[in-house]
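Thanks for coming, everyone. Have the sequence and the 3D view open while I talk. I'll go from one chain to its neighbours.

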Amino acid sequence: MNKVESTFRNMVLTLFIVTLVASSALGFVYALTKEPIEAARLAKRTRAITDVLPEYNNNPLEDSYKLAADGDTLYFYPGTMNGELVGTAVETFTTQGFSGEIKLMVGLLPDGTINDISVLEHKETPGLGDKMDKKKSDFSLQFQGKDPMDFTISVTQDGGNVQAITASTVSSRAFCDAVIRAYNAYMEGGKQ
Amino acid sequence: MEYIIIIISAVFVNNIVLAKFLGICPFIGVSNKVETAIGMTGAVTFVMVIATIVTYLIQHYVLEKFGIGFLQTIMFILVIASLVQMVEIVLKRVSIALYQALGIFLPLITTNCAVLGVAILAVQNDYNLLESVVFSAANALGFGLALVTFSGIREQLDLLDLPKAMEGVPIAFVVAGLLAMAFMGFAGIV
Amino acid sequence: MTQWKNFTKGFFKENAVFVLFLGLCPTLGVTNSAINGMGMGLATTFVLVGSNLVVSLIRHWIPDKVRIPTFIVVIASFVTIVELSMQAYLPDLFDELGLFIPLIVVNCLILGRAEAFASRHNLASAIVDGLGMGLGFTMALVLLGGVREILGSGSIFGLKFINGDGILLFVLAPGAFIALGYMIVLINKINKKSA
């Protein structure tokens with residue numbers, strides 16, 4: 001099977017050549033795929049923004065800005081139609097999820113009314129907390145068109161107006177926490 | 001306080017074997033005796049912690065510095081393979097008995113998804129060096145917990161009268177599923 | 001053995017998952033749906049065929065003592081190619097499979113075939129072996145993924161046929177173990193009958 005002896009020189013040489021060829025091939029593939037990967041990442045983010053904002057014709061990613069909040073950062077993506085602000089998508093978070101961090105994209109109209117909300121990331125329990133996702137239940141639809149000044153963003157168990165997901169009060173509370181964080185940050189310093 | 005959360009999360013809530021499905025091969029292969037399970041855990045802990053430290057250094061001072069992040073997979077696995085080689089050499093000198101008890105499973109630590117998995121996770125979670133060390137040690141502990149518990153159960157399973165088709169690996173998997181179910185109860189602690 | 005036998009052994013008699021018990025981590029980790037199982041299986045098959053090909057090509061020039069590290073570099077390279085390609089062209093699948101894509105490199109199946117077969121056989125046989133074992137692995141993952149998806153989500157390949165959730169246990173960790181355990185029993189029975 002082998003015609004090459006396992007001398008030190010041969011071993012080092014073989015490994016060196018193999019690694020060299022491998023790294024070069026990979027460098028080539030990397031250069032090839034660099035742009036498509038960036039494009040895919042941008043498309044994902046843009047999709048999340050388009051989901052929650054009314055129609056716009058600018059590039060929210062280019063016009064984005066960020067603010068520090070509660071030990072982390074919130075990202076704001078304004079959507080404009082012909083230069084006029086139609087809404088701002090806020091990438092917000094909460095650390096109070098049942099199984100860890102939850103990330104939401106909250107679409108706010110210029111006056112702070114909630115347009116729509118999308119779930120970006122979560123680790124909640126399937127069948128319970130994961131119902132916060134639009135694909136699983138209508139829980140997040142109740143926020144559409146609501147002004148947090150009139151519609152208190154906390155679960156009814158805490159005296160608010162939000163109908164929690166059955167048997168998932170913790171997840172529902174966390175959801176509200178993220179929404180409030182986005183709203184407060186926007187109203188206090190986000191409007192631009 | 002952060003460290004306590006990392007530890008509890010890695011050992012119980014996100015147990016590397018029962019929740020994250022890493023390290024299954026040794027889990028099934030080495031778990032029929034409690035003694036070998038303990039020995040395997042020791043070897044894995046050693047490799048896992050040192051591998052995480054070295055890969056952390058490589059990630060931050062080589063890969064990110066020179067923008068060659070795409071070589072992460074190759075570099076990480078080469079580090080692990082070399083470490084296992086070294087452990088083999090050291091074990092041969094220090095404790096020939098343990099070396100022989102572990103047998104084929106020692107070189108198999110290289111292909112143990114848990115070791116590579118933990119190294120990658122530590123980078124993904126953006127831990128600093130100390131957090132990475134705690135994280136990897138905690139995961140090794142979680143691995144050991146699952147492995148030793150399971151081997152204790154398997155030693156008892158061997159004494160049972162089972163349908164022929166279920167003997168050995170199948171019943172081991174079903175029991176592992178029940179064990180995983182038990183560990184699900186830890187969700188929500190952190 | 002004939003190339004046909006070489007190709008088909010990976011499906012039942014020497015199935016990576018149900019008989020050889022290799023590659024179990026991805027088997028349990030990404031089979032919460034049939035599509036994920038298929039994606040992972042095909043990615044692994046690509047790496048397996050690629051590495052078998054290269055290993056067989058260079059087998060006469062690798063000094064014996066460094067063959068394992070050499071195999072590892074070859075395998076890791078193909079895995080990285082899969083990683084980058086998936087990230088660029090199949091980003092959603094990439095997110096679903098997550099950590100398990102780089103972990104293909106430690107799939108004992110691939111290193112096992114390089115060591116046990118590709119380094120000792122000619123190019124054609126090595127490629128056929130890679131294809132057979134890889135597709136057999138894919139079949140196992142799709143089967144397990146399908147079972148878990150039907151029982152757990154009430155859908156198959158994304159097409160739902162019940163309203164709401166199924167037996168959620170099956171898309172979670174415990175269900176993976178239990179489903180696999182019973183599938184091994186099933187495959188054992190099939191193998192015994194045709195033996």
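From the N terminus on, the elements of chain A run α-β-β-β-β-β-α. That makes two helices and five strands. Keep in mind that this is a predicted model.

Let's begin with the overall dimensions of chain A. A compact globule of 192 residues would have a radius of gyration near 16 Å, but chain A has 24 Å. Along the principal axes, its C-alpha atoms fill a box of roughly 80 × 45 × 30 Å. How much of chain A is buried? Of its 192 residues, 38% count as buried. Now take the contacts in chain A between residues at least 6 apart in sequence. Of these, 51% join residues at least 24 apart.

Next, the sheet. In what order do the five strands of chain A lie? The order is S1-S2-S3-S4-S5, in an open sheet, and the pairing is antiparallel. At the edges sit strand S1, residues 65-69, and strand S5, residues 114-121. Each of these edge strands of chain A pairs on one side only. From one strand to the next, the twist averages 25°.

Strands of a sheet pair through backbone hydrogen bonds, either parallel or antiparallel.

Now walk across the sheet with me. S2(A) and S3(A) run antiparallel, joined by seven bridges. One bridge pairs Met81(A) with Glu84(A), which lies in S3(A). These two strands, S2(A) and S3(A), form a hairpin with two residues between them. Look at Asn82(A) in that turn: its phi is positive, at about 55°.

One step over, eight bridges join S3(A) to S4(A), and again the two run antiparallel. Val90(A) has Val106(A), in S4(A), as its bridge partner. S3(A) and S4(A) also form a hairpin, with two residues between them.

Then comes the last pair. Strand S4 of chain A, residues 100-108, pairs with S5(A) in the antiparallel sense over six bridges. Here Lys103(A) stands opposite Glu121(A) in S5(A). What packs on this sheet? Helix H1 of chain A, residues 8-52, does. H1(A) touches strand S2 (72-81), strand S3 (84-97), S4 and S5 of chain A. The direction of H1(A) makes about 150° with that of S5(A).

Let me zoom in on one residue, Thr73(A). You'll find Thr73(A) in strand S2 of chain A. Is Thr73(A) buried or exposed? It has 12 C-beta neighbours inside 10 Å, so Thr73(A) counts as exposed. What does Thr73(A) touch, leaving aside its neighbours within four places in sequence? Lys66(A), Leu67(A) and Ala68(A) are in contact with Thr73(A). Now find Glu91(A), 18 residues away from Thr73(A) along the chain. The C-alpha atoms of Thr73(A) and Glu91(A) are separated by 8.9 Å.

On to the neighbours. Two packed helices are described by the angle between their axes and the distance between the axes. For H1(A) and H4(C), the angle is about 10° and the axes are 8 Å apart. An angle under 35 degrees counts as roughly parallel, so H1(A) and H4(C) are roughly parallel to each other. Which residues make up the contact of H1(A) with H4(C)? They divide into 17 nonpolar, eight polar and no charged.

Step back to the whole contact between chains A and C. It takes 24 residues from chain A and 27 residues from chain C. On the side of chain A that touches chain C, 14 residues are nonpolar, seven polar and three charged.

Chain C also meets chain B. That contact takes 33 residues from chain C and 33 residues from chain B. On the chain C side, helix H2 (24-29), H4, H6 and helix H8 (173-194) each supply at least two residues. The largest share of that side, twelve residues, comes from H8(C). By type, the chain C side divides into 25 nonpolar, six polar and two charged residues.

Last stop: helix H6 of chain C, residues 108-116. Which residues of H6(C) are buried? They are Cys108(C), Leu109(C), Ile110(C), Leu111(C), Arg113(C) and Ala114(C). What covers them? The cover includes helix H2 (24-29) of chain B. From chain C it includes helix H3 (34-58), helix H4 (67-89) and helix H7 (123-153).

That's my tour. Over to you.

Conventions: Residues numbered from 1 in each chain as written. Chains lettered and ligands numbered in written order. Predicted model: local features only at pLDDT ≥ 70, side-chain atom pairs only at ≥ 80, totals over all residues. Pairing = 2+ DSSP bridges. Helix = DSSP H or I, 4+ residues; strand = E, 2+ residues; numbered from the N terminus. Axes fitted to C-alpha atoms, helices over the stretch in contact; angles between N-to-C directions. Contact = placed C-beta atoms within 7 Å. Buried ≥ 20, exposed ≤ 12 C-beta atoms within 10 Å, placed from the backbone. Parallel < 35°, antiparallel > 145°, perpendicular 65-115°, else oblique. Nonpolar A, V, L, I, M, F, W, Y, C, P; charged D, E, K, R; others polar. Rg over C-alpha atoms; globule rule 2.2 N^0.38 Å.
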